[in-house]
Amino acid sequence: MDAGIEHVAIVGGGFAGTLLAINLVRHGGPRATLIERRANQLARGVAYSAAHADHLLNVRAANMSALRDDPDHFVRWLVARGSGDAKTFVPRRVYGDYLRDLLMETIAADPARLTLASGEVVALHQAGQGYGLDPAEGGTLTADAVVLALGNLPPHTPPGIDPAALAEGCYREDPWAGDIAEGLGADDRVLLVGSGLTAIDAALLLDASGFGGRTIAISRRGLVPRRHAETPPATPLRERPAASLSALVRHVRCAAQEQGWRGAVDALRPVTQMMWGAADGATRARFLRHVRPYWDVHRHRLAPSVADRVEALMEAGRLSVAGGKLVRVEPDGDGAIVHWRPRGTDGVEALRVARIVNCTGPQGDLLRSQESLIRQLLAEGMIRPDALRIGLEVDAQSHVVAGDGGVAERLYCIGPMTRGGLWEVVAVPDLRQQNWELARRLAHAQWVGGEGL
């Protein structure tokens, strides 16, 4: 490591940013400043800070170690506290405790190497070979390199909904912001826009809050995440199984007949990023439009106990899921009339609801973001959206690609915002691999004339 890169600023203290800071210390890299604007989300992010106590990880503890070189680290932490074992689906809040413990242990072991900073970075500008970071509170922090670990962008308002036209509290743009059951009665109906993992979380939040009315989830295809099951370990593929999207679908269907659909999907894990990287833009766009909904519900599954609760709500008539498209939403007193077209029909139906909750999940279109830092970086051409507008464009080494196509040697991005280039970069196994690789590069790269090799 050249003396020219002695300090790294990490913008975002969720899972990805926290783990990078930890790995920089573990790899003997440059000192780091970890910047998080929300104190309650430090080392937790939205996923592990806003969750209800009943919300569980959708992966068993055995595969949730934060450390790539110590796969049993989380299980040992869990067992030591009497909170479970390798097969446990742990509450997300508990996993947040684990990440925070790991961060604090790292700081305690080497406090001069890792500093925490609270505040929102609203602008970034070049300062010599490095960067100056401008917090909203004023002042400037300088660093030799900057890593953007921004997490997911908030969901966009679905077409057909004008929040300003609805009564206050009728539309909730974020299921994690506040009590989505507040003010609701037993005769009310709640519409969840979306039927994936976010909608499942919202349905469980409503139930845990004592909401006794009906919840209806509507998405284009009406698909719900499948449940985990005790199955033999899948045999991971080592080579890309198919060159085209249609051939890949045929491969998975054939494999599912032999080892079940869970095994067929799990076997793709080692080669998913390889397949995404080899696909051209048109193929990626086709995947997002036609295959992604099916991929998501089979790839990102529910813990068995969560699936049981969802099924119980459905059997009791308190939760239903439908496929269809929102046409328009009209105000109706404190509630709204939702006009929607059921999938496979031409007719439009009307549904009165007391509340609408946006459960479409995190988005990645930078051009629609209201985040001050993203808007500034876009305006000055320091970043650009990826071709599919599902994140921020980076190269294979996590360098940010500028608006003119050039690569910023000391500006990086990790985490879900890099999904356009990697696709599978939202789960812990993928994030810890990306994180590990960047930490090693920052720790061991040699700098010549201010350029990274």
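Biologist: How many salt bridges does the rule find across the interface of domain 1 and domain 3?
Modeller: The rule finds 3 salt bridges across that interface. Please bear in mind that this is a predicted model.

Biologist: Which residues does the domain assignment give to each domain?
Modeller: Domain 1 takes 7–154 + 363–446, domain 2 takes 163–225 + 301–358, and domain 3 takes 245–299.

Biologist: What distance separates the centres of domain 1 and domain 3?
Modeller: Taken over C-alpha atoms, the centres of domain 1 and domain 3 are 27 Å apart.

Biologist: And how many residues are in contact there, on each side?
Modeller: On the side of domain 1 there are 11 residues, in contact with 13 residues of domain 3. Between them the two domains bury about 1000 Å², with 57% of that on carbon and sulfur atoms.

Biologist: Which residues of domain 1 lose the most area to domain 3?
Modeller: Those are Leu388, Trp423 and Glu424, which together account for 62% of what the domain 1 side buries. The side chain of Glu424 also meets that of Arg299 in a salt bridge, at 2.8 Å from N to O.

Biologist: How many residue pairs are in polar contact between domain 1 and domain 3?
Modeller: The count is 5 residue pairs, with both residues at pLDDT 80 or more.

Biologist: Turning to the strands, in what order do the 7 strands of the open sheet run?
Modeller: The order is E8-E14-E9-E10-E11-E12-E13, and the pairing is mixed. Strand E8 (171–172) and strand E13 (349–353) are the edge strands, each pairing on one side only.

Biologist: Do E9 and E14 run parallel or antiparallel, and how many bridges join them?
Modeller: Strand E9 (residues 189–193) and strand E14 (residues 355–358) run parallel, joined by 4 bridges. Leu192 stands opposite Val357 in E14.

Biologist: Where is Arg220 found?
Modeller: Arg220 is in the loop between strand E10 (214–219) and helix H6 (245–266). Beyond its neighbours within four places in sequence, Arg220 is in contact with Gly323, Gly324, Lys325 and Arg343. Arg220 and Val193 are 27 residues apart in sequence, and their C-alpha atoms are 9.5 Å apart in space.

Biologist: Back to salt bridges: what does the count come to by this rule?
Modeller: The count comes to 22 salt bridges. One of the pairs is Arg44 with Asp97, whose closest N and O atoms are 3.0 Å apart.

Biologist: Why does that pair tie together parts that are 53 residues apart in sequence?
Modeller: Because Arg44 lies in the loop between strand E2 (31–36) and helix H2 (45–49), whereas Asp97 lies in helix H4 (residues 92–109).

Technical notes: Residues numbered from 1 in each chain as written. Predicted model: local features only at pLDDT ≥ 70, side-chain atom pairs only at ≥ 80, totals over all residues. Heavy atoms only, no water. Domains from an automatic or database assignment. Contact = heavy atoms within 4.5 Å. Buried area = accessible area lost by both parts, 1.4 Å probe. Salt bridge = Lys/Arg side-chain N within 4 Å of Asp/Glu carboxyl O. Polar contact = N/O pair within 3.5 Å; in protein donor to acceptor, adjacent residues only side chain to side chain. Pairing = 2+ DSSP bridges. Helix = DSSP H or I, 4+ residues; strand = E, 2+ residues; numbered from the N terminus.
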